Amino acid sequence: MARKDRTAEAAGAAEAAEAAEEKAREKWMARFQVRLAMQPGVDRAVVLQAVKEVTTHCADTGESPQTAYGDPDAHAVRTAERLVPADVAARAKRQGAAVDKLGSALKRARDITGL
């Protein structure tokens, strides 16, 4: 009877470890996708391509994304630099800066007028 208990405990521990690994993988992928989408010039196609690359690599090698690529934020920056043409990223940065300036001006106008 004790042998069955140890076997059941070992199986339970293995399932718990596997569930923890899956949760860590999902958390890494979610953070990577969000950080990647925030990079200048990144669109849906870039995010999908990057996710496919990470998923395929991890499936082929058995590595976790954390082991293969490290920090998801840093990998998002590297991926954007690799997949988004420099001119597209620069244009997106300029547009973002213009929108920020407009938002700041509108806020000041609201503060002045009391709206």
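This is a predicted model: local features need pLDDT of at least 70, side-chain atom pairs count only at pLDDT 80 or more; totals for chains, interfaces and linings use all residues.
Student: How do you know that the length of helix H2 agrees with its number of residues?
Tutor: Let's work it out. H2 runs over residues 44–61, which is 18 residues. The expected span is 1.5 Å times one less than the number of residues, and for H2 that gives 26 Å.

Student: Which residues of H2 are buried?
Tutor: Val46, Val47, Ala50, Val51, Val54 and Cys58.

Student: Why do we say that these residues are on the same side of H2?
Tutor: Because they cover an arc of only 130 degrees around the axis, they sit on the same side of H2. Here's the general idea: an α-helix has 3.6 residues a turn, so residues three or four places apart point the same way.

Student: And what is on the other side of H2?
Tutor: There you find exposed residues: Arg44, Ala45, Lys52, Ala59 and Asp60.

Student: Let's zoom in on one residue. Why is Ala50 called buried?
Tutor: The cut-off for buried is under 20% relative accessible area. Ala50, in helix H2, has 1%, so it counts as buried.

Student: What is Ala50 in contact with, leaving aside its neighbours within four places in sequence?
Tutor: With Phe32, Leu36, Thr79 and Leu83. Ala50 and Phe32 are 18 residues apart along the chain, and their C-alpha atoms are separated by 9.4 Å.

Student: How do you know that Thr79 is buried?
Tutor: Same test! Thr79, in helix H4 (residues 72–83), has 1% relative accessibility, so it counts as buried. Leaving aside neighbours within four places in sequence, Thr79 is in contact with Phe32, Leu36 and Ala50.

Student: What makes Ala86 exposed, then?
Tutor: Exposed means over 50%. Ala86 comes in at 62%, so it passes that cut-off and is exposed. You'll find Ala86 in helix H5 (residues 86–113). Along the sequence Ala86 and Gly41 are 45 residues apart, but their C-alpha atoms are 8.8 Å apart in space.

Student: Why is the pair of Trp28 and Phe32 called stacked?
Tutor: A pair of aromatic rings is described by the distance of the centres and the angle of the planes. To pair, the centres must lie within 6.5 Å, and to be stacked the planes must be under 30 degrees apart. Trp28 and Phe32 have 5.2 Å centre to centre and 25 degrees between the planes. Both values are inside the cut-offs, so the pair counts as stacked.

Student: How far apart are Trp28 and Phe32 along helix H1?
Tutor: Four residues, which means about one helical turn. Both are buried, too: Trp28 counts as buried at 4%, and Phe32 has 0%.

Student: Which residues do the ring pairs link into a cluster?
Tutor: Trp28, Phe32 and Tyr69. The structure holds two aromatic pairs.

Student: What makes His75 and Arg78 a polar contact?
Tutor: For a polar contact, a pair of N or O atoms must be within 3.5 Å, with one able to donate a hydrogen and the other to accept it. The side chains of His75 and Arg78 make theirs at 3.2 Å, and that value is within the cut-off.

Student: Why is His75 called buried?
Tutor: With a relative accessible area of 8%, His75 falls under 20%, so buried it is. His75 lies in helix H4. Not counting residues up to four places away in sequence, His75 touches Trp28, Phe32, Val54 and Tyr69.

Student: Which residues have the most contacts inside the largest nonpolar core?
Tutor: Phe32, Leu36, Val42 and Val54, in a core of 16 residues. Helix H1 (2–37), H2 and H4 each supply at least two residues of this core. The largest share, six residues, comes from H2.

Student: How many helices and strands are there in the protein?
Tutor: Five helices and zero strands. Of the 115 residues, 19% are buried.

How values were computed: Residues are numbered from 1 along each chain as its sequence is written. Side-chain values use heavy atoms; hydrogens and water are left out. Buried means under 20% relative accessible area, exposed over 50%, partly exposed in between (1.4 Å probe, protein chains only). The arc is that of the directions from the helix axis to the C-beta atoms. Contact means heavy atoms within 4.5 Å. A nonpolar core is a set of buried Ala, Val, Leu, Ile, Met, Phe, Trp, Tyr and Cys residues joined through side-chain atoms within 4.5 Å. Rings of Phe, Tyr and Trp (its six-membered ring) pair if their centres lie within 6.5 Å; planes under 30 degrees apart count as stacked, over 60 as edge-to-face and the rest as tilted.
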